[in-house]
Amino acid sequence: MQPWAYPVDLLRIRARWEQFITWRRLDPDLDPLVAASWERCFLRLNPMAPPALPCLEEQTLERVRLTLFDLIATARPMMEDLHQFTEGSGLAIVLLDSAACVLDVLGDLEIVRAVEAVGLRPGVYWGEGHVGTNAFALALLERTPAQVVGAEHFLALYHPWATTAAPIYGLDGQPLGAIGVMAPAERAHPDTLGMVMAAARAIENQLQAEANLQENHQLLAELQAILEAIDQVVLVLNAQGQVIRLNRTAARVLGLEPSGILGRPLDDHIRLPPTFHEALSDPMAHREATGALMVDGDPMEGWIGLHAVTEGRRHLGFVLTFRRSEQVHQMVARLVGAQALMTLADIPGRSRAIQQVRQQARAAARTSLPVLLLGEAGTGKGVLARAIHNASTRASGPFIAVSCRAIPRELLMIELLGVEGGTFRNGPAEGRPGKFELAHGGTLYLDEIEALPLEVQAAILRILETGEVMRLGGWRPIHVDVRLIASSAADLERLVAEGHFRADLYHLLASTAIRIPALRERPEDIPLIAEAVFRRLRRASGRTYRLTEAALQQLKAYPWPGNVRELENALERAAALSENGWIDLLHLPERIVRGLTVEEPPEPIRPVEELEREAILRAAVQYRGRLSEMASALGLSRTTLWRRLKRYGIDLAAFRNHEKSPRRSRVRI
């Protein structure tokens with residue numbers, strides 16, 4: 001019913017309804033919203049039959065109400081105000097959610113009972129598909145205030161009634177629900193529509209005000225959290241120079257109680273240097289410099305910052321920051337150290353072999369493929385790995401180095417993959433990321449990769465192929481973007497042939513392999529390496545070092561079984577013994593002067609259990625976890641093999657799964 005259609009002629013409306021349900025002809029004077037609704041209802045509902053009203057169970061209704069707690073808590077006082085102003089007029093005030101489910105009904109006892117008799121009660125859905133044309137459904141469907149009077153309702157059951165409703169919009173512009181009124185048709189009035197519209201707007205305004213207040217509280221909480229996270233003194237001043245906020249660092253460093261400084265002028269406890277004190281009168285001041293704060297008469301040297309806070313042209317105050325001198329020095333030292341990056345140009349040597357290594361390393365740095373560095377111990381594989389990282393597009397990311405032989409076999413899986421909290425009885429309750437997660441966006445360097453057990457090798461291969469890591473005890477894969485660099489001094493091809501190293505992992509790594517020559521193969525590089533060592537020592541001690549010709553020739557003649565690392569150690573020792581900066585034969589270790597090398601110790605004897613476990617793992621890899629074939633190859637019965645598997649904690653499912661799962665294309669990480 002449009003407001004201009006008043007006064008209401010209920011008989012004429014009834015005649016229009018009968019014409020439509022009989023001949024399906026719409027009167028041109030009919031409200032367009034009602035006409036469109038009748039068309040939708042004609043094929044779905046019997047206008048003469050009572051509606052089948054879906055109703056929520058009490059527990060479900062309570063959950064819905066809890067979800068819409070803010071809407072109900074805001075609308076209820078408005079509904080009570082409406083009821084107070086219309087008490088005794090036979091109006092039932094209704095609140096519905098966005099699905100037209102009745103949340104609350106308020107009114108005189110008599111009218112509430114009457115509307116409940118026709119289905120208007122909490123938990124009942126009053127959508128158009130169930131109740132036909134009604135103002136509550138139209139307000140939510142058409143997103144506009146609506147009034148339906150008498151026979152404008154499609155179902156004959158509601159012809160004695162008039163419904164009026166207006167939608168309530170949320171902060172996102174979507175309907176949260178509707179507020180409406182149901183009354184006898186003869187009491188229909190255009191002012192009722194204005195009343196529910198005003199109530200809907202009042203509810204929206206209140207929701208907006210509460211959201212603004214909550215946002216302000218959140219901003220204040222975030223501001224305080226930011227202040228507490230800053231590791232320097234922070235004081236916030238208003239335009240009058242009074243302290244209105246400070247962080248815990250300020251209270252601790254300055255030795256002031258917050259209760260004794262908040263709300264008081266800054267000068268009561270802290271005196272700024274003259275230049276900063278003058279800046280307090282400049283509403284656009286932004287100044288940083290070293291200086292001394294006078295805190296209750298005691299000077300504090302450090303870095304002072306003063307920044308004006310403005311909103312448009314309005315001056316709000318200042319933010320005063322301060323760092324103690326010791327803290328500034330530590331930070332500068334840390335930053336300077338972090339910028340001292342190893343580059344490929346810093347690797348000393350002019351020999352053809354080392355130039356080829358640098359060329360291969362530059363090519364590898366331009367890609368994200370895994371890299372395998374091969375060479376004897378002490379040849380500088382770790383230095384080259386860091387140089388490749390710094391020359392790549394991942395230079396700004398982390399560089400995580402792991403010595404595979406330094407970590408116990410039982411902990412390698414945890415160190416590399418991480419562990420979810422509560423996985424182990426004595427493990428961390430909050431969980432811990434592995435090295436692959438920590439290296440996300442950067443490079444993971446695995447030194448002495450031949451020391452990895454076969455099951456760890458399988459896990460690494462899976463990560464390289466999928467780009468996902470699964471923590472121990474975890475259930476969800478974690479995406480990682482990691483470039484892997486591995487190194488080894490062992491003969492990996494022999495280890496692959498013997499079954500001690502996975503062939504698929506080796507071939508993946510060896511696609512970009514760089515062999516670093518031993519120092520004895522490039523004696524012409526020894527002078528340049530010595531110069532690099534002397535430059536490093538000069539930065540540390542300020543002294544200059546040189547080699548005598550005799551010492552240089554002896555260094556070139558020595559076979560250097562420990563390679564560059566042994567040479568660097570020998571030069572550092574010789575520099576410490578030299579008094580005038582010249583390093584001669586008498587400063588070199590005796591073994592170098594005499595040309596003696598330290599004999600390699602015999603290979604240690606390995607425990608029988610370790611050899612047995614290794615044999616079982618090799619059989620599991622070769623026969624894909626098939627128990628019978630493994631037992632036959634190992635010369636054990638199935639029962640004995642089962643006991644051995646349980647003792648060593650080997651799960652054959654991992655080897656079978658690797659066989660069944662389709663091989664995924666390699667993901668370059």
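Select strand S1 (residues 92-97) and S2 to start: 5 bridges join the two, which run antiparallel. Strands here are DSSP runs of E with at least two residues, helices are H or I runs of at least four, and both are numbered from the N terminus. Two strands count as paired if DSSP finds at least two bridges between them. Zoom in on Leu96 and you'll find Val102 of S2 standing opposite.

Before moving on, a word on what's loaded. This is a predicted model, where local features need pLDDT of at least 70, side-chain atom pairs count only at pLDDT 80 or more, and totals for chains, interfaces and linings use all residues. Residues are numbered from 1 along each chain as its sequence is written, and side-chain values use heavy atoms, with hydrogens and water left out.

**The antiparallel sheet**

Now widen the selection to the whole sheet around S1. It is open, has 5 strands in the order S2-S1-S5-S4-S3, and its pairing is antiparallel. Strand S2 (102-107) and strand S3 (146-149) stand at the edges with a single partner strand each, so one side of each has no neighbour in the sheet. From one strand to the next, the twist averages 15 degrees. (Axes are lines fitted to C-alpha atoms, for helices over the stretch in contact; angles run from 0 to 180 degrees between N-to-C directions.)

Touching means contact, that is, heavy atoms within 4.5 Å.

**The hairpin and its neighbour**

Next, pick strand S10 (residues 298-311) and S11: 10 bridges join them, and they run antiparallel. Gly302 has Arg324 in S11 as its bridge partner. These strands form a hairpin with 2 residues between them, and Gly312 in the turn has a positive phi of about 70 degrees.

Bring in strand S6 (residues 233-238), which pairs with strand S11 (residues 314-324) in the antiparallel sense over 6 bridges. Leu235 stands opposite Leu320 in S11.

**The parallel sheet**

Jump along to another open sheet of 5 strands, ordered S13-S16-S19-S12-S20 with parallel pairing. Its edge strands are strand S13 (399-403) and strand S20 (513-515), each pairing on one side only. Inspect strand S16 (residues 443-447) with strand S19 (residues 483-488), a parallel pair over 4 bridges. Thr443 has Arg483 in S19 as its bridge partner. Helix H19 (residues 503-510) packs on the sheet, touching strand S12 (371-374), S19 and S20, and its direction makes about 90 degrees with that of S12.

**A helix crossing**

Select helix H20 (residues 526-541) and helix H22 (residues 563-577): their axes come within 10 Å and cross at roughly 50 degrees. That makes H20 oblique to H22; angles under 35 degrees count as roughly parallel, over 145 as roughly antiparallel, 65 to 115 as roughly perpendicular and the rest as oblique. For the contact, show side chains including Ile529, Val533 and Leu537 in H20, along with Leu567 and Leu571 in H22.

**Colour by confidence**

Last stop: pLDDT, the predictor's confidence in each residue from 0 to 100. The protein chain averages 86, and 91% of the residues score at least 70. Over residues 332-340 pLDDT stays under 50, and the model has 0 contacts beyond four places in sequence for them. Over residues 658-669 the pLDDT is below 50 too, yet this stretch has 28 contacts beyond near neighbours in sequence.
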